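Please look at the sequence and the structure before reading on.

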Amino acid sequence: MPEPRLVRVALPLPLETLFTYGVPERLADKALPGARVEVPFGRRSMQGVIVPGPGPGSAHTDAPDPAALKQIVAVLDDEPALPPELLDLTAWIAEYYACSWGEACKAALPPPAAEALVERYVRIGAEPAAAGPRQQAVLDLLATRPGTWVRAATVVGETGATYATLDALAKRGAIETAEMESSRASAPTDGLTARVTAPELQAHQRAAVESLATALDGGGFASFLLHGVTGSGKTEVYMAALDRATATGRSGIVLVPEIALTPQTVRRFRARFGDQVAVLHSRMASGERFDTWREIRAGRRRVVIGPRSAIFAPVRNLGLVVVDEEHEASYKQFDPAPRYHARDVALVRAARAGAVCVLGSATPSLESWHNAATGKHTLVSMPERVAQPGSAPARLPDVRIVDLVAERKSGRPASAISAALHKAIAKRLADGQQVILLQNRRGYAPVLQCCDCGHSPTCPDCSVTLTVHKAKRQMRCHTCGRAFRLESTCVECGSGALEQLGAGTQRVEEDLAALFPDARLLRMDLDTTGRKDSHDRILARFGAGEADILVGTQMVAKGLDFERVTLVGVIDADAGLLFPDFRSDERIFQLLTQVAGRAGRAELHGEVILQTRHADHPVIRLAKRHDYEGFVNEVLPAREALSWPPFVRLVRIEFRGPEERPVQELAEAWAAAFGESSRGFAGAAPIEAIGPAQAFIARVNRTWRWHVLVRAPRSVPPGALRAAIARTTAGIARLPAGCRITVDVDPMGLI
Ligand code: ADP
Ligand code: ZN
Ligand code: ZN
């Protein structure tokens, strides 16, 4: 009897071990590295991925009893779901982000294979004679593509004809019709929509494209930081580089922070690259996602746009990766593992594929800025906005600071809108221009406080105050989502004097309605964007001029390009400024600069009003001047002096559990053990464990949170740091009931 073939399988469990399985003869052809398989595990059945490499008993691999060897039950795809390039990338992710290979694979795998979709197609027939205008419209459309099969649904959509029209035409031989395997990939246009041609690039854009093109033509890895102010035309630069890559048969991936917030960007790529574009995102149905993924893999779509997970798109012959708004925190995945940063994965993938990686932003992360300053990336700057035909470049908007402390002393009635902002809005309304207002807090009032005893209702499951939602007469927890009835008396002392402190977007909307009864308002926050296309609809209405004022959370700060917006107001520029997180300065500066960038992008000059109680704070002062480099010069030296990233490696170890005491003790035990085990790094600068400390939001969803920060010099290799952390965790004999330890490498937030 021949020896059974053995394979190693990575399972999506937080275990470093890879598991050995036998391959039954009938599956031998398909059981290849990268293939998704179903295997028995304990008493369950699980899906995992076959990984290459040495056999049982080798590093990280179990050594099963040959007599009890289990067999693979099924191979789930005809061709391995992860091509070698991606399998390799997941191995890097597991190593760098301290998770298991199986967990890393899960992030890169396509959705489950779906049944192929069969649809009706038509093409022009031998005798294209029409009876009536609708039939004529169909024939005219098909005549532009003789010989080509076009989806009947597309023809119906484009011409306003019905399926009955098509039947009538088919009967007479004017068109041919057939059922064929089709695709659920988004918005197939069958090549029928006209492509928009590139505008003539302006000098600063040409120079940027020149550097990228040189790198693309050279073949081989290169990375760029494209620092271009808001409205400098970065998207055109990305598209020109993509043109170059696709012209030579290569593919490109464009990462955007969040697809729902960037419909304009996606439309611009579609308009330029037509059917070559594939959009991948999580709100897509799984059949649609699977078909899109399959077309990318087959090389039929060569431009992929999507949020962080699109970095795993199985494109062929990768030439270019663009990370737009590379500073955005949404590129970092938090839960579940792998806790990867898509920008950094993009750099690694590009490096391994010999592709060019472009990180673009008006406000680069300090990590990327530092990497450019130390020569890891080539810096390309576009300090000017795009000029309108026949005029000078649009100027960046003027920023005015409104000091809320002074405003309060003046005795004006309480309102989220200061006198200065009120006047500025009135002027725009009179001139028929548009206004965007940012308030980075949804709901009505973030705190309800009893005037007599000072009690504020908090969520019983989380350590946060409840936010008042007035219209539904509710208080909601913005951490876990629970809703409670809005009481009219204090639950502690029974007093009826309850004060609603602070302003959420709903309150801003109410204050605006009182000040400007005739203005048309739109609100965009988590509460108004629950449905699949609600972002797009709100933005489309605003773009079409159906509203004068758009109020929203940070959703309104990103990437919007509306030429009639001439005023941007920030209701509370300080929100989050004083958070106990070394990145809070950076985050607020980025948010203020980005939202300011929405004003005056075309001919009309823009103005920005920042309402603040900290008018002298460096972040506010520098945001007023759009002074990114000033900001860097202020903040980077401080980061270095205090040993924060990008000058050190940082890993956050979080301990969670249902009771606080065991969580705290676990965190203490872990920190002590880590101190012991990392003493092995003699000679090198010390690796420290900071803490343990209770997390800023100490309890979430009935779960207590403590954390330890591990900080190491950059000279310590990531693998060594990971090993020290894993050793420490493995040394904890038993986790207390219900407790979990999670490891977050390069954490974005310490809250
Ligand atoms: P960014 O991404 O840097 O904020 P965009 O690429 O969105 O900037 O460009 C800002 C605006 O200028 C857009 O409306 C875009 O269509 C327009 N634009 C960009 N480049 C050109 C150009 N070379 N000629 C004319 N208009 C341009
Ligand atoms: Zn009270
Ligand atoms: Zn809660």
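## The surroundings of ligand 1

The model is a predicted one. In this model, ligand 1 is surrounded by 17 residues. Glu200, Gln205, Gly231, Arg268 and Asp561 are the closest of these. Sorted by class, the shell consists of seven polar, six charged and four nonpolar residues. Helix H7, which spans residues 234–247, supplies the largest share of the shell, namely three residues.

## Polar contacts of ligand 1

Oxygen atoms of ligand 1 take part in contacts with both side chains and backbone. A polar atom in the side chain of Asp561 lies 2.6 Å from an oxygen atom of the ligand. For Arg268, an N or O atom of the side chain is found 2.9 Å from a ligand oxygen. Gly233 contributes through its backbone: one of its backbone N or O atoms is 3.0 Å from an oxygen atom of ligand 1. On its own, ligand 1 has 560 Å² of accessible area, and the protein covers 77% of that area.

## The zinc site

Ligand 2 is a zinc ion, and its protein donors are the SG atoms of Cys450, Cys453, Cys490 and Cys493. These donors lie 2.3 to 2.4 Å from the zinc ion. What is the geometry of this site? The site is tetrahedral, with angles of 104 to 113° among the four donor atoms. For comparison, the ideal angle for four tetrahedral donors is 109.5 degrees.

Along the chain, the zinc donors follow the spacing C-x2-C-x36-C-x2-C. Cys453 and Cys490 are 37 residues apart, and this pair links distant parts of the chain. Cys453 belongs to the loop between strand S18 (447–450) and strand S19 (467–469), whereas Cys490 belongs to the loop between strand S21 (483–485) and strand S22 (498–501). Are these two cysteines buried or exposed? Cys453 is partly exposed, because its relative accessible area is 40%, which falls between the limits of 20% and 50%. Cys490 counts as buried, because its relative accessibility is 6%, a value under the 20% limit.

## A buried histidine

His204 is located in helix H6, which covers residues 203–218. Its relative accessible area is 18%. Residues under 20% are classed as buried, and His204 is therefore buried. The side chain of His204 also reaches the backbone oxygen of Ser232, at 2.9 Å.

Note on methods
Residues numbered from 1 in each chain as written. Chains lettered and ligands numbered in written order. Predicted model: local features only at pLDDT ≥ 70, side-chain atom pairs only at ≥ 80, totals over all residues. Heavy atoms only, no water. Near = heavy atom within 4 Å. Polar contact = N/O pair within 3.5 Å; in protein donor to acceptor, adjacent residues only side chain to side chain. Areas by Shrake-Rupley, 256 points an atom, 1.4 Å probe, with all protein chains shown as cover. Helix = DSSP H or I, 4+ residues; strand = E, 2+ residues; numbered from the N terminus. Nonpolar A, V, L, I, M, F, W, Y, C, P; charged D, E, K, R; others polar. Donors = N, O, S within 2.8 Å, 3.2 Å for Na, K, Ca; no water. Tetrahedral: all angles 85-135°; square planar, octahedral: opposite > 155°, others 65-115°. Buried < 20%, exposed > 50% of the residue type's maximum accessible area, 1.4 Å probe, protein only.
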